[in-house]
Amino acid sequence: MTQRLASSSAVSLSRSRTHLVRRSLLGGLVALGALTGTMMAGQARADLTPAFQAKLTVDTEYATGVSGATDIAFAADGRALITLKSGNVSLRTLDGLKTTISGKFGNVDTGSEKGLLGIVADPNVADTFYFYVSNGPSNSDKHHVYKGTLSGAGELTVDLANPIVGGSVQGGPGLEGPQNHDGGGLAIYNGKLYVSVGDTGANASPPQNKYGSCLNKPNGKILRVNLDGSIPTDNPLFNETMVTSCPNPTGSFGTAAPDKRIFAWGMRNPWRFWIDPKTGLMWIGDVGEGTREEISVGGGNQHYGYPFIEGNYDWTQNGQNFGVSCNTITPGRPCTAPVYDYVHAGNTPNDQQNPNRASVTGGLIPEGCGWSNVFDGKANYVFADYNAGWMRALEVNAARDGVTNAANPTAFGTFNSGPVSFRMGPEDSLYVVFVNVGAVYKFTPKDRTGPDCGAPMPGSGGSGGVLNGSGGVPSASGGSGNPAPTSGGAKAASGGAKASGVGGASSAAGGGAPKGEGGSVKDGCGCRVGGVRGNALIALGAVLSLLGAFGLRRRQGKVH
């Protein structure tokens with residue numbers, strides 16, 4: 001379906017304003033610096049809608065004072081690593097204390113939207129993490145992905161000499177980063193690392209940046225590599241010799257050898273994405289240009305539309321002739337339409353609702369102990385708009401490849417703090433990172449009863465935790481907080497442009513999420529933190545309750 005704009009003059013004003021607002025995404029922290037976390041953390045608010053206030057406890061003080069926080073991942077014992085735009089990492093221990101780890105990533109470029117942007121934990125190797133950071137030597141080789149390990153004593157060791165992606169690694173050109181649209185999402189699924197990379201900027205409406213459809217370039221894509229950086233032989237372009245290419249973002253289309261790391265293409269800035277462990281499908285939040293924001297669901301070997309289509313708005317029918325399309329580039333694929341998109345503020349007549357909306361933050365489907373009670377037994381995808389500050393929920397269909405309420409998403413809450421990352425973690429809680437106040441909020445279901453609070457977890461668990469969260473963050477040791485995949489693991493469809501699952505064009509059937517070390521059994525409410533079983537937590541809770549009678553209170557954020 002094609003969406004049409006109200007008028008050219010109104011659109012021009014809106015585009016200019018939108019570009020200025022979007023350029024402040026993360027980049028505004030440069031001016032605020034360290035004051036962001038310390039001055040604004042106390043002003044953080046979590047205004048849940050009444051329906052969700054009754055069902056969720058929100059801890060706005062789970063982590064505060066983490067200036068420029070961008071992402072979070074969890075160690076096997078429940079410790080949290082919070083990445084900061086500056087290049088530092090904040091280590092939060094189980095008692096809530098935080099330690100700043102600095103100097104691990106060399107010279108980090110924090111201009112515009114660049115910086116230390118993402119982290120994911122290895123689900124099968126305890127306390128092993130991957131980081132996405134803008135520390136390359138030039139704009140043509142700006143973003144790198146590194147492997148690091150965290151010791152029991154809190155020492156972080158990062159292997160800067162051997163980047164997994166970027167630098168002089170075999171497999172493709174550098175990840176360019178001259179302006180904004182820098183990506184930074186990371187996921188691990190089926191033993192493969194997925195990396196989302198933005199298209200480098202060059203903002204314009206109609207779009208001018210072609211990188212999303214230039215298959216010789218890694219920008220505007222989701223990449224897929226083995227955990228050592230080598231290229232999986234079943235990647236969609238592995239056997240291609242010549243593909244549609246371009247020399248720079250606005251150059252003419254031509255042909256060249258492919259970047260074989262490319263897994264999915266046709267995106268502008270897939271800033272955050274998540275892989276559903278039950279289906280293997282990617283849920284991609286692609287930040288739009290001046291017109292639409294979108295959530296897309298699909299697998300590899302697919303073209304997600306950009307720059308030809310922005311959300312459901314077809315630029316080839318409205319002022320831009322690229323000369324090629326999703327179907328006619330090499331290799332051609334049909335444009336994959338989003339399951340949900342929404343218009344920017346100011347692009348419709350008399351638009352007064354949420355005047356700042358302009359930058360989607362992709363989320364996840366919260367599942368685990370208590371979440372079926374939060375959403376009345378139905379799976380819901382929760383996401384946000386960075387500029388507007390709201391969070392919304394989309395009800396997921398039975399096949400988990402689309403949504404049922406795209407015309408009227410459920411209002412989840414409004415926050416004054418710039419949501420930039422969604423992760424599941426210890427206690428089956430949802431952890432949301434807010435960059436503008438330098439904080440992480442923890443959302444936990446109040447009703448911790450039901451079948452998802454005591455069932456075994458086939459095909460998952462172990463010291464590395466279980467794939468969950470935005471991009472597959474492991475839970476604490478023992479695998480708290482992950483929905484059980486179907487028996488035998490989630491199958492990725494094989495073959496074709498519409499391959500259902502991240503296995504791409506030639507995934508092996510029956511792939512499924514990797515099994516952790518030792519498996520996992522849920523006790524009580526299903527929470528195992530640091531190897532402490534559920535019954536031990538229940539006993540600890542009883543002790544804390546007794547202490548509470550003597551005036552000792554657990555520190556917890558207030559929901560206004």
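I first looked up F434 and Y441, and both are buried, a word I use for under 20% relative accessible area, with exposed meaning over 50% and partly exposed in between (1.4 Å probe, protein chains only). I note that this is a predicted model, in which local features need pLDDT of at least 70, side-chain atom pairs count only at pLDDT 80 or more, and totals for chains, interfaces and linings use all residues. Residues are numbered from 1 along each chain as its sequence is written, and side-chain values use heavy atoms, with hydrogens and water left out.

I then turned to ring pairs, where rings of Phe, Tyr and Trp (its six-membered ring) pair if their centres lie within 6.5 Å, and planes under 30 degrees apart count as stacked, over 60 as edge-to-face and the rest as tilted. I found 21 aromatic pairs in the structure. One of them joins Y62 and Y431 edge-to-face, at 5.0 Å centre to centre and 65° between the planes. This pair links distant parts of the chain, with Y62 in strand 2 (residues 56-63) and Y431 in strand 28 (residues 429-434), 369 residues apart; strands here are DSSP runs (E, at least two residues), as helices are (H or I, at least four), numbered from the N terminus. Y62 counts as buried because its relative accessibility is 6%, and Y431 is buried at 1%.

Finally, for the whole protein chain, I noted six helices and 29 strands, and buried residues make up 60% of its 560 residues.
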